[in-house]
Amino acid sequence: MYLNQLRPFLTVSLMALAVACGGPTEKGGQAPAAPPANARRVDQSKAGNVTGHVTIEGTVPRNPPIQIDGDPYCRQQNPNGATAENFVVDGAGLENVFVYVKDGLGDYWFDVPTEPVKLDQHACRYQPHVLGVRTGQKLAISNSDDTLHNVHAVAAANREWNKGQSLKNIVDEKVFTKPEVMVRFKCDVHNWMQAFVGVLDHPYFAVTRHGGKFELKDLPAGTYTVEAWHEKLGSQTQTVTLGEKESKELNFMFKSAAASSN
Amino acid sequence: MIWLNRYAKLVAASTLLLIAAGGMVTSTGSGLSVPDWPNTYGWFMFTFPMSKWVGGIRYEHTHRLIAGTVGFLTIILAIWTWRVEPRVWVRRLGVAALGAVILQGLLGGLTVILLLPPAVSIGHAALAQLFFCITVTLALVTSPSWIAGARSLTDPMLPRITLATTTLVYCQILIGATMRHIGAGLAIPTFPLVFGHLLPPDWTTAIGVHFAHRVGAVMVLAAVSLTAAHIWHWHRPQRDLIRPATVLFLLVCSQATLGALVVMSALQPIINTAHVVNGALVLATSLVLTLRVFRRTLQQPVMVDAKTSRRTDIPLLDKDLREVRG
């Protein structure tokens with residue numbers, strides 16, 4: 001009699017169990033495809049370079065302070081407080097700008113590096129803050145902190161994923177399969193932590209460092225659209241035509257007034 | 001029976017606390033700070049060490065713990081109701097509460113695993129309010145005053161007004177949940193004007209949903225004011241109607257104020273959460289009022305033994321009421 005009375009509970013519970021056990025699984029991505037037999041490759045002996053630097057004009061906006069109260073470990077790692085990493089400026093040079101060939105490469109084939117690109121979580125920050133990775137190349141994400149992080153890749157063209165890293169020195173390898181500029185990485189545990197990853201199917205990209213300088217090496221002759229992307233200032237494009245073995249300089253200048261509208 | 005009623009009240013109060021915890025999760029953007037489900041970073045939920053409750057995990061994990069507790073409390077409530085409650089529909093309501101809380105837990109897990117798709121998150125928010133309504137209803141209908149019966153009331157307009165108000169409040173909560181989960185809370189960052197105008201000069205989905213929530217707020221305010229005024233004017237001696245009507249009016253005024261503060265504070269998490277919790281209270285109060293009105297206006301009053309809760313199917317007169325109430 002009681003079994004009959006309990007039947008509704010049992011039915012609902014079994015249905016719940018069935019749904020709970022059928023969750024999706026997470027995969028890191030696909031291995032890079034093999035090159036076609038007639039793959040066109042860049043002749044290194046005839047390739048040229050594009051160098052330049054990215055500057056910011058006007059008063060550089062102040063990086064807002066961030067609240068690190070929620071995690072004692074992070075507070076300990078940042079005893080003097082911390083600010084956001086929106087604007088990293090050396091002189092007039094703007095760092096953490098992702099510069100890449102957006103268009104003009106045609107049908108060249110580029111081997112995917114076997115070495116993974118590294119992204120570390122250290123002192124409750126992503127290091128580096130901006131980076132690039134090739135489609136099919138491994139991105140090794142490590143946790144050097146003695147606290148928990150979740151690594152949440154907010155991708156649009158690629159599959160969005162979220163992975164917890166609860167132990168120090170844990171490393172997860174992920175692969176993106178489609179070009180995407182940029183994939184935002186965030187930690188939902190520590191909401192100030194952000195990184196930006198440019199995913200491209202070719203090797204012509206760089207992130208401005210030391211005074212806003214960049215270099216795109218071993219480009220074949222051709223006309224290219226080059227884009228410079230900044231997390232707050234948006235992006236700019238320029239066209240450059242490169243002859244065989246030619247080197248050209250290409251400079252980008254962002255106006256800081258635009259920062260307020262972004 | 002009195003203990004079942006007290007327990008049902010406890011479950012309803014716990015559900016409100018759960019809604020508050022859920023509001024804090026969304027307001028602080030911590031929904032994905034625990035990436036796995038039903039475990040927490042690989043730990044069984046209830047054994048996850050407190051030392052690891054850091055950053056956004058504090059909100060998400062607390063929400064999960066309260067949810068687990070409410071789920072457990074609801075299992076007991078459903079079984080208890082099933083075993084002691086003579087009214088079939090109340091027993092079924094207990095089972096509905098259990099089904100709703102299980103489905104709610106699954107939606108919560110699903111939205112984490114699927115990385116907060118708006119449709120699932122909105123469904124989670126919508127079902128939370130429905131589940132709260134079920135627990136409030138259980139607390140109401142198991143109360144001694146409900147069981148003792150009530151005098152009938154002749155006012156064909158009142159059930160329509162109260163039902164329309166409750167439906168409107170729930171629709172408004174659904175729009176609010178949509179606004180919250182598509183990130184449109186500041187799609188119109190100015191208050192009371194919309195970018196300096198009465199109507200948005202440009203329309204996007206986010207602006208449309210946000211604006212709909214503001215229009216909905218005006219409609220709810222008007223509906224509640226009308227309901228309260230009607231009861232104050234026509235049913236002043238009815239304390240069981242006057243009290244919820246007055247509370248409802250005060251709550252909806254607070255809700256409008258909180259809504260304005262949410263925008264003006266740029267989604268400050270505590271104010272934002274207070275808006276969510278107060279919204280749930282508006283819905284629950286409106287529901288209580290509606291149920292009492294329906295009971296008194298549409299149903300033939302019946303006599304129920306307060307001890308056994310058995311219906312005697314005898315029309316209840318004032319004299320009988322005094323006897324039942326002793």
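In what order do the four strands of the open sheet in chain A run? The order is 8-7-10-13, and the pairing is mixed. Before going on: this is a predicted model.

Staying with that sheet, its edges are strand 8, residues 125-127, and strand 13, residues 171-175, both of chain A. Each of these two pairs on one side only. Neighbouring strands in the sheet are turned by 20° against each other on average, with direction ignored.

Take the strand 13 end of the sheet in chain A. Strand 10 of chain A, residues 138-143, runs antiparallel to strand 13 of chain A, and five bridges join the two. Within strand 13 of chain A, A:Asp172 is the residue that stands opposite A:Ile141.

Next, the contact between the chains. Chain A puts in 24 residues and chain B puts in 25 residues. On the side of chain A that touches chain B, at least two residues each come from helix 1 (2-20), strand 11 (149-154) and strand 12 (161-165) of chain A. Helix 1 of chain A gives the largest share of that side, seven residues. By type, the side of chain A that touches chain B has nine nonpolar, eleven polar and four charged residues.

Last, helix 4 of chain B, which covers residues 118-141. How many of its 24 residues are buried? The count is 17, so helix 4 of chain B is mostly covered, where buried means 20 or more other C-beta atoms within 10 Å of a residue's own. As for its length, 24 residues at 1.5 Å a residue should span 34 Å, and the end C-alpha atoms of helix 4 of chain B are 34 Å apart, which agrees.

Terms used:
Residues are numbered from 1 along each chain as its sequence is written. Chains are lettered from A and ligands numbered from 1 in the order in which they are written. This is a predicted model: local features need pLDDT of at least 70, side-chain atom pairs count only at pLDDT 80 or more; totals for chains, interfaces and linings use all residues. Two residues are in contact if their C-beta atoms, placed from the backbone, lie within 7 Å. Ala, Val, Leu, Ile, Met, Phe, Trp, Tyr, Cys and Pro count as nonpolar, Asp, Glu, Lys and Arg as charged, and the others, Gly among them, as polar. Two strands pair if DSSP finds at least two bridges between them. Axes are lines fitted to C-alpha atoms, for helices over the stretch in contact, and angles run from 0 to 180 degrees between N-to-C directions. The expected span of a helix is 1.5 Å times one less than its number of residues. A residue is buried if 20 or more other C-beta atoms lie within 10 Å of its own, exposed if 12 or fewer, and partly exposed in between; C-beta atoms are placed from the backbone.
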